[in-house]
Each structure stands twice: as structure tokens, then as C-alpha cells.
Amino acid sequence: MKIKSKNKVNKLKALSAFAFLLAFSFTACTSSHNVENSRVKIEKPLVLEAVQTPYTGDGIFHDANWIADDMNLGLNLGNTMEAYDATNCAQITYRWPVDQGADVSRYESCWGAPETTQEIIDGMKAAGFDTVRIPVFWGNMMVNDDTWTINPLLLNRVREIVDYCMKDDLYAVVNIHHFDEFVIRRNTLEDCQLIFTNLWTQIASYFANYGEKLIFEGFNEYIGGQQFNSLGKLTDLTQDQQYKMAKVLNQAFVSAVRSTGGNNRNRVLVVSGIWTNIDLTSSDRFVMPKDSAEDKLMVSVHYVDNTMFWTGEIGTQTWIYYIDDQIGKLKKRFLNKGIPVFMGECTASYVGWKKVIPDNAYEEYNESHECLDYYLGKLMDEKIVPVIWDTPNDFYSRKDFRIKDEKNEEVVRKRALQAKAR
């Protein structure tokens with residue numbers, strides 16, 4: 001199976017209340033492991049010196065709703081900075097790679113991505129995207145000494161990619177991706193709180209001088225995820241434990257970023273839902289964190305048609321009803337209360353994933369680009385920020401710097417122009 005197919009299985013895991021599917025199957029890179037038991041040796045969060053940048057903005061920091069409206073349509077730089085050696089990553093003995101002498105590009109290209117260039121980002125801008133999500137596995141090249149100190153070479157490379165986006169006046173969204181899985185699986189909630197506070201203090205303090213075009217997203221999809229029990233088996237949390245984890249870790253993220261000062265006092269932040277699942281996150285049990293800044297938070301969920309994808313009903317009337325229902329839940333819980341929604345991952349293509357349509361299902365849309373156009377329109381009409389999940393040379397060609405399929409290209413351009421005209 002190709003990398004992009006495996007990645008889609010992981011990225012589109014069924015996070016709905018109807019079906020939970022978890023697939024952690026990645027192509028691995030060769031690297032050394034340290035298999036000592038994990039401990040936490042954090043006396044206090046590590047504050048880094050803020051890097052100097054020309055992209056400080058104009059000093060104005062708009063509220064989250066204004067930013068969401070301005071972010072329009074986004075694309076993920078997938079299988080790139082979040083790539084890591086995933087061999088046996090679901091085993092309790094797994095430790096992140098320890099290779100201080102490696103070039104960062106070794107990890108950046110680990111899952112088949114070319115090194116990210118200004119030309120690649122320029123092409124995304126030209127295609128009509130206003131937002132680039134940059135998932136990052138911060139454990140790469142990290143010394144496994146339980147101080148959870150990010151390698152400065154990795155920080156600098158992420159900054160270079162952020163700067164590519166800033167040069168094109170794009171929003172850049174940086175998160176903790178897959179590394180949240182590693183941390184949550186192996187640590188108590190109290191230790192997770194310490195670790196993520198330390199990680200986000202480092203990231204935020206390093207980027208503190210950047211203007212509002214830089215957005216931080218706390219985590220990826222693993223809030224509420226499984227943890228190892230005393231026998232080393234991954235075990236589901238109760239819903240009480242899931243919602244408690246979301247409350248504690250989202251608060252740790254927001255508090256850590258705000259504590260670093262500078263532009264981080266007013267930067268828009270994206271907090272993560274339970275599994276980024278719409279049904280679970282739109283529950284009243286999900287608590288938005290307290291924030292010293294006013295109206296500067298968004299909430300992240302993924303895949304507005306997730307269950308329909310797995311049941312093979314994409315393009316049917318049932319699919320349309322389901323999308324409306326999911327958006328309705330988001331409106332009731334968040335949008336109508338002034339909290340914007342960041343759809344951090346959306347399906348790029350339905351080609352090859354449409355199963356047998358049920359006999360009683362009337363199919364409204366037959367082509368992948370028609371489905372793309374429909375759901376993007378529905379999300380953008382509600383000012384939900386859709387960010388298409390993409391891996392190297394899947395939806396967008398990082399070789400030719402353009403969207404590969406002309407019909408998809410037309411859809412993105414049309415929706416981008418409509419967003420700018422509203």
C-alpha cells in the first residue's frame with residue numbers, strides 16, 4: 001500500500017459517535033531508539049529567546065471570527081514535518097527517534113515529501129488557498145532525557161516554512177501532530193499537562209514576535225485517546241476521562257501560550273475537540289478553556305462527512321442530510337455563540353473510496369470534484385474554515401506547484417473567489 005493510502009486511513013479514522021476506527025499504520029524511516037522507561041524531569045517550562053522576524057504584522061490582532069473569515073480555504077502540508085519513524089509506535093516500548101546528528105530534512109522527507117520550498121507555498125497561494133496548516137512532530141531529533149526540550153534545528157526549519165507562508169501573506173497554522181499521541185499514551189494526565197505546557201512554552205516563546213497570521217493549534221486528533229494500562233495494553237478512556245483530558249490539556253495549551261507574552265498575548269489559538277469528532281465535541285460536556293484574551297479562540301474538528309465516508313454513502317441524499325446535521329450541531333454549540341470552527345482536515349478526493357451505494361440511496365453527486373465543491377460550499381457558507389488534508393503529490397503537486405486535477409482546481413478557485421467577494 002502506498003504512503004498516501006495509509007495516511008488517508010489514519011487521517012480519516014472514524015471519529016464519529018457511530019464508529020470509532022483507529023489506524024496507526026505508517027511507512028517508517030530507519031532510526032535508533034531509546035527504550036528506557038519514560039519519566040518527566042521538568043522543573044519549570046523552558047522559555048526560549050524569541051526569534052527576530054520581519055513578519056511582526058501591524059500590531060493589530062483581530063478577534064477569532066474576523067480571522068476565521070479571513071482564513072477562507074486552507075491546505076495541509078501533510079506527511080511532511082509531522083513525519084517520524086513510526087515502527088511499532090503503538091507499542092509501549094516505542095521511543096521517539098534520537099539522532100542529534102541528522103539533518104532535519106531526513107525527517108521532512110521521511111514519508112515521501114520533497115523538502116518544502118518557497119515555490120511549493122507560492123503555488124498554494126496561486127491556487128487560491130489563504131491558509132496552510134503545518135503539522136509538526138516535535139519529538140524528531142529530541143534528546144530522550146525526559147526534559148522534553150525541542151531541538152533548535154527543528155524549530156528553525158519550522159520557522160523557515162512559516163516564513164514561506166508569511167512572504168505570501170498566508171495564514172500559517174502550527175500544531176503538535178502525532179507527538180500528542182506518543183505523550184498521551186504513556187503518561188498520566190498530570191504529567192501530560194506538564195509536558196504540553198513545556199512544549200507549548202518553547203514553541204510560543206520562540207515565535208512570540210510573529211504577527212496574527214501565525215496561528216497555533218494545540219493538538220491534532222488524539223485528545224481523549226487511548227492510554228497504556230499497567231499491562232502495556234492500549235485501553236479506551238471513559239467519556240468522563242475524555243472530557244476531563246480535553247479540559248485540562250486545552251487549558252494547558254492556552255495558558256502556556258499566553259504566559260510567553262509578546263504577540264502571543266492576543267494571538268488566535270485553536271483548541272482541539274474530543275478526537276476532533278463533531279458529535280463528541282459539540283456536546284455540552286466539552287468545555288472551552290479560560291482565556292486572558294477576549295474572543296481569540298477557535299475550536300478544531302475534522303471531516304464533516306466522516307461516517308458517510310466509511311459507510312460508502314458519499315454523494316447520496318443521506319450524505320447531504322448528514323452534512324447538514326453535523327453543521328447544525330456545530331452551529332448550535334459554537335458558531336451561534338461566537339466561537340469559530342476550524343475544520344483542520346477535510347477530504348481531498350473521493351476517488352477509489354466510494355463503496356457500493358445502498359439500493360435505497362439516491363445519489364445526487366457522482367464525481368469527486370462535485371462532492372468537493374458541495375461540502376466546501378456548505379462549510380464556507382457558515383464561515384467554517386475548511387483545510388483540505390493533502391499528502392505529497394496527491395491533491396496538490398509539489399513538483400508542478402499546482403492542483404493536479406483541473407476540475408478540483410476550478411472548484412478551489414471558484415470557492416476562493418466567492419469567499420473573497422462576500
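Predicted model: local features only at pLDDT ≥ 70, side-chain atom pairs only at ≥ 80, totals over all residues.
Colleague: OK. Which strands pair with S4?

Modeller: Strand S3, residues 74-76, pairs with S4 over three bridges, in the parallel sense. Strand S5, residues 171-175, pairs with S4 over four bridges, also parallel.

Colleague: Which residue in S4 is the bridge partner of Leu75?

Modeller: Val132.

Colleague: And what stands opposite Ile134 in S5?

Modeller: Val174 does.

Colleague: What do S4 and S5 make with helix H5?

Modeller: A β-α-β unit. Helix H5 covers residues 152-167. The unit is right-handed.

Colleague: Back to Arg133. Buried or exposed, and what is its relative accessible area?

Modeller: Arg133 is buried, at 0%.

Colleague: Which side chain does Arg133 meet in a salt bridge?

Modeller: Glu217. The N to O distance is 2.9 Å. Arg133 sits in strand S4, while Glu217 sits in strand S6, residues 214-217. The two are 84 residues apart, so this pair links distant parts of the chain.

Colleague: Is Glu217 buried or exposed?

Modeller: Glu217 counts as buried, with 0% relative accessibility.

Colleague: Why would two such side chains pair at all?

Modeller: Side chains of opposite charge can pair when their charged atoms come close.

Colleague: How many salt bridges does the structure hold?

Modeller: It holds 19. Another one joins Asp240 and Arg285. Their closest N and O atoms are 2.2 Å apart.

Colleague: Where do Asp240 and Arg285 sit?

Modeller: Asp240 is in helix H8, residues 239-259. Arg285 is in the loop between helix H9 (278-281) and strand S10 (297-302). They are 45 residues apart, and the pair links distant parts of the chain.

Colleague: Buried or exposed, those two?

Modeller: Asp240 counts as exposed, at 53% relative accessibility. Arg285 is partly exposed, at 37%.

Colleague: You mentioned H9. What does Asp279 meet in a salt bridge?

Modeller: The side chain of Lys329. The distance is 2.4 Å, N to O. Asp279 lies in H9 and Lys329 in helix H11, residues 317-333, so the pair ties together parts 50 residues apart in sequence.

Colleague: How accessible are Asp279 and Lys329?

Modeller: Asp279 has a relative accessible area of 12%, and the cut-off for buried is under 20%, so Asp279 is buried. Lys329 is partly exposed, at 29%.

Colleague: Which residues are linked in a network of salt bridges?

Modeller: Asp70, Asp169 and Lys213.

Colleague: Now the whole protein. How many helices and strands?

Modeller: There are 13 helices and 14 strands.

Colleague: And what share of the residues counts as buried?

Modeller: Of 422 residues, 61% are buried.

Colleague: What about the accessible surface?

Modeller: It comes to about 16,400 Å². Carbon and sulfur atoms account for 49% of that.

Colleague: Last one. What share of contacts joins residues at least 24 apart?

Modeller: The share is 81%, among contacts between residues at least 6 apart in sequence.

Definitions and conventions
Residues numbered from 1 in each chain as written. Heavy atoms only, no water. Pairing = 2+ DSSP bridges. Right-handed = clockwise from strand over helix to strand, strands pointing away. Buried < 20%, exposed > 50% of the residue type's maximum accessible area, 1.4 Å probe, protein only. Contact = heavy atoms within 4.5 Å. Areas by Shrake-Rupley, 256 points an atom, 1.4 Å probe, with all protein chains shown as cover. Salt bridge = Lys/Arg side-chain N within 4 Å of Asp/Glu carboxyl O.
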